[in-house]
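Colleague: I've got this one open on my screen and I'd like to know what stands behind the labels. Can we go through them?

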Amino acid sequence: MAGRIEPGTVLAPREVDVVDGEPVAIPLAGRLVHLQFRRFAGCPVCNVHLRSVTRRHAELSAAGVLEVAVFHSPEDELRRHTAEIPFAVVADPGKRLYREFGVEAGRRALLNPRAWLPVLRSIAAGLLRRDRLPAPKQEHGRLGLPADFLIAADGTVLAAKYGEHINDQWSVDEVLALARARTVVPRG
């Protein structure tokens, strides 16, 4: 596992393959990139979070933010769960990007009491919406932790967040505030 990426780090340019679309350049000229690491396709907590991002996608785009969501599921499985998402979705079943960005997994993903109520709410919401259930077996398990990075057009990581439990990620309001600031924000 690589070390964690700190704000102020300048990333080497790369392209990531998108499940249904053209590859995306990171960094991207003229745009900020919100690179978010999720868990697996069909994860109820991830679904609730991504729905909030989808509802406000126009606001994020107007603020100059390109959303890119990474999952450790294979492409074919992701397609069954992300067809309605209007932004880039990346399949990383080998967890190459997870390792590169220092994104972890562990029991604390579910053992943290702050995760319990959101997990229950997410499962209930998914059942009510009749969301497709995730695959019963997840090659990389169900204990992934989220991570968020805001990357400037020159590759500078403006802000980074490593989640302490499965529902510990930036809200859309936080991403918008960081995008407005456009300065390196020390992790704290």
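Colleague: Let's start here: why is Arg4 called partly exposed?

Modeller: Because its relative accessible area is 31%, and the label covers whatever falls between buried, under 20%, and exposed, over 50% (1.4 Å probe, protein chains only). Before we go on, this is a predicted model, so local features need pLDDT of at least 70 and side-chain atom pairs count only at pLDDT 80 or more, while totals for chains, interfaces and linings use all residues. Residues are numbered from 1 along each chain as its sequence is written, and side-chain values use heavy atoms, with hydrogens and water left out.

Colleague: What makes Glu104 and Arg4 a salt bridge?

Modeller: The rule asks for a side-chain nitrogen of Lys or Arg within 4 Å of a carboxyl oxygen of Asp or Glu. Here N to O is 3.6 Å, so the pair passes. The two sit 100 residues apart: Glu104 is in the loop between helix H4 (96-100) and helix H5 (108-111), Arg4 in the segment before strand E1 (14-16). Those names come from DSSP runs numbered from the N terminus (helices H or I, at least four residues; strands E, at least two). Glu104, at 27% relative accessibility, is partly exposed.

Colleague: How many salt bridges does the rule give?

Modeller: The count is 8. Arg14, Arg96 and Glu100 are linked in a network of them.

Colleague: Why do you say that Arg56 and Asp173 tie parts of the chain together?

Modeller: Their closest N and O atoms are 2.8 Å apart, which makes a salt bridge. Arg56 lies in the loop between helix H1 (44-55) and helix H2 (57-62), and Asp173 is in helix H7 (residues 172-181), so the bridge joins parts 117 residues apart in sequence. Arg56 is partly exposed at 23%, and Asp173 is partly exposed at 47%.

Colleague: And what separates Glu75 and Arg79?

Modeller: About one helical turn, because they are 4 residues apart in helix H3 (residues 75-82).

Colleague: What makes His34 buried?

Modeller: Its relative accessible area is 1%, so it falls under the cut-off for buried. His34 is found in strand E3. Leaving aside neighbours within four places in sequence, the residues in contact with His34 (heavy atoms within 4.5 Å) include Val68, Leu150, Trp170 and Val175.

Colleague: Why does His34 with Glu67 count as a polar contact?

Modeller: Their side chains are joined at 2.7 Å. The cut-off is 3.5 Å for a pair of N or O atoms, and within protein one must be able to donate a hydrogen and the other to accept it; residues adjacent in sequence count only if both atoms are side-chain atoms. So 2.7 Å falls within the limit.
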